[in-house]
Amino acid sequence: MEILYATADVLRHFLNQPAFFLGLVALIGLILQRKSSVEVVKGTLRTVIGLLVFTAGSTILIGGIGPINEMLQAGWGVSGVYPLSEIAFGVVIDRLGSWIVPAFALGFIGHILLVRLLPRFRCIYLTAHIMLFISSMLVVGLHFGLGLKGLPLIALTAAVCAVHWTVVPQWTYDAYARHLADGKFTLAHHVHLSVALACMIGELIGEPENDADQMELPKVLTLFQDVTVNAGITLPLFFFVVGVAVGLPAVRQQAGDQIWWFYLMMQGLRFAAGLTVMLLGINQFLEALVPAFEGWAEKVIPGAIPGLDVPVFFPSSPVGMMLGFMGGAAGMFLVSVFLVLFKSSLFVFPSLIVAVFEMGTMGVFANKRGGWKAALVAGFVGGVLLSLGAFVLQPVTAPVLAGTGAQYGSLDSAYLFGPLMWLLRIVGKLA
C-alpha cells in the first residue's frame, strides 16, 4: 500500500508539471517517427523549455497583478474572491487530490481510447493542467453534490472527463479553430464557450475587413501593430488609470519610496515584459511540439489533431488579443465598481490574468470574424460574464473554497460546469 501511495504522489507531482507531460508527448511522437537521437533530444527539450519560458512569462504577469489587487483592497476597503483557476485548484487538490489524480489519469486513458475508436473525433486534449482543473471541479460537484467518494467517484469523474475532452475540442475545431490554425491544432481549454460567444459577436458586428492586424494606420499608430510595443504603451497607461481610480494614498502605500506615477509605469512595463516572454515561449513550444505530434498522428491515432493551450492562437492576431484583454479588463472593473456601489456581500476582484488569456483569446477570434470593434466588444462582454460567474460558482464550491478568497475563473467553469454542479446539488438534496 505504501508503494501505491508513493507512486500516486510521484504521479501527482509529475502531472502538475505540464511541461514534462507535453515533453513526454513530444518524446514519444519523435520516437514513433524514428527520428535520430539528436532530433529526439532537441525536439523534446525545445518543447519542455518552450513551455517553461511561457510559464516564466505567466509568472511575471501574475506578479504584476498582486500590487493592483492590494491597491484595490487598500483604496476601496473591499475583500472578496479572485477568479483564477490555478489558485482554486491549489486549494482543492490539497483536500481531494487522492481522488482527483486517479480520475484524471483514468479519464485521459478513456479519452485516448475514444479518439482511437471513434473516427469522427480526431482531437487529443493535451493541456494537462486544464484537465486537472476540470477533474477537480467534477470531483467537487460529485462529492459534495451527490455524496460520492472512492472508486464510484473516481470512475464517474473519469467517464465525464473522457467524453468532455473528446467532444469539446472537436466541436471547437470544426466550428471555429480549423481555419485560424490551418488545420494543425485546436483549442483544448476551459474557454470553449468564450470562443463561441466571441465568434457570435464577430458575426453580429460583421466587419472582418477591419482586421485589427491589417488596418492601414497613420505612421505613428503603426507602433501598435507590434505586440511588444503595443503592450509597452497601453499597459502602463492602463495601470496609471487603475491607480488614479483607487486613490493615490493606496498607490503611495504600494510604491513605498518610489514616485507613485513611476511605480505604476514600471508595473505596467513589467506586465508587458511578461506578455512578451510568454509569446516567445509559446512560439518555441509550438515549433517543437507540432512536428513531434506527427508521430502520434501517423502511428497511434491516424489523423490526430493536438488540442493546445489558448496562447497558441495569440500569434494569429496579436493586436486582436490586446484589444480583447483591454475590453475584458474594462468589463471586470465595471462589475467591481457596481459591486462596491451596491454594497454586494461578495466582491469579485478583476482577474486580469484571465483577461489576458481568456478575453485575449476572445479578441483573436472576434477580430477575425468582425474586426477590431468585435474584439473590444467580445472582450468586454466576456469580462462582465467572467466576474458575474463567481456568483454562480460560489455556493456550489463553498464546501472547499469558502474563506479562501479563491474561485475558478473561466466562462466554461461558470456557465458549463457551474450549472452541472448546481444540478448535482439539487439531485443530491432530493435523494
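Colleague: So, which helix does Thr-397 lie in?

Modeller: Thr-397 lies in helix 12, where helices (H or I, at least four residues) and strands (E, at least two) are DSSP runs numbered from the N terminus. Please keep in mind that this is a predicted model, in which local features need pLDDT of at least 70 and side-chain atom pairs count only at pLDDT 80 or more, while totals for chains, interfaces and linings use all residues. Residues are numbered from 1 along each chain as its sequence is written, and side-chain values use heavy atoms, with hydrogens and water left out.

Colleague: Is Thr-397 buried or exposed?

Modeller: Thr-397 counts as buried because its relative accessibility is 1%; buried means under 20% relative accessible area, exposed means over 50%, and partly exposed is in between (1.4 Å probe, protein chains only).

Colleague: What does the side chain of Thr-397 make a polar contact with?

Modeller: The side chain of Thr-397 makes a polar contact with the side chain of Gln-407, at 2.9 Å, and the Thr-397 side chain also reaches the backbone oxygen of Leu-393 at 2.9 Å. A polar contact here is a pair of N or O atoms within 3.5 Å; within protein, one must be able to donate a hydrogen and the other to accept it, and residues adjacent in sequence count only if both atoms are side-chain atoms. Leaving aside neighbours within four places in sequence, Thr-397 is in contact (heavy atoms within 4.5 Å) with Ala-402, Gln-407, Tyr-408 and Met-421.

Colleague: Switching to strands, which strands does strand 1 pair with?

Modeller: Strand 1 (residues 80-83) pairs in the parallel sense with strand 5 (residues 347-348) over two bridges, and two bridges also join strand 1 to strand 6 (residues 406-407), again running parallel. Pairing requires that DSSP finds at least two bridges between two strands. In the pairing with strand 5, Gly-80 has Phe-347 as its bridge partner, and in strand 6 the bridge partner of Tyr-82 is Ala-406.

Colleague: And in what order do the three strands of the open sheet come?

Modeller: The order is 2-4-3, with parallel pairing. Strand 2 and strand 3 (186-187) stand at the edges, each with a single partner strand, so one side of each has no neighbour in the sheet. Strand 2 is joined to strand 4 (residues 305-308) by three bridges, and Cys-123 stands opposite Ile-305 in strand 4.

Colleague: OK, charges next. How many salt bridges does the structure hold?

Modeller: The structure holds five salt bridges, each being a side-chain nitrogen of Lys or Arg within 4 Å of a carboxyl oxygen of Asp or Glu. One of them joins the side chains of Asp-174 and Arg-120 (3.0 Å, N to O). That pair links distant parts of the chain, 54 residues apart, with Asp-174 in helix 6 (residues 150-177) and Arg-120 in the loop between helix 4 (85-117) and strand 2 (123-125).

Colleague: What about Lys-373, which residue does its side chain meet in a salt bridge?

Modeller: The side chain of Lys-373 meets that of Glu-207 (3.9 Å, N to O). Glu-207 sits in the loop between helix 7 (192-205) and helix 8 (227-246), whereas Lys-373 is in helix 12 (residues 352-401), 166 residues apart. Lys-373 is partly exposed, with a relative accessible area of 38%.
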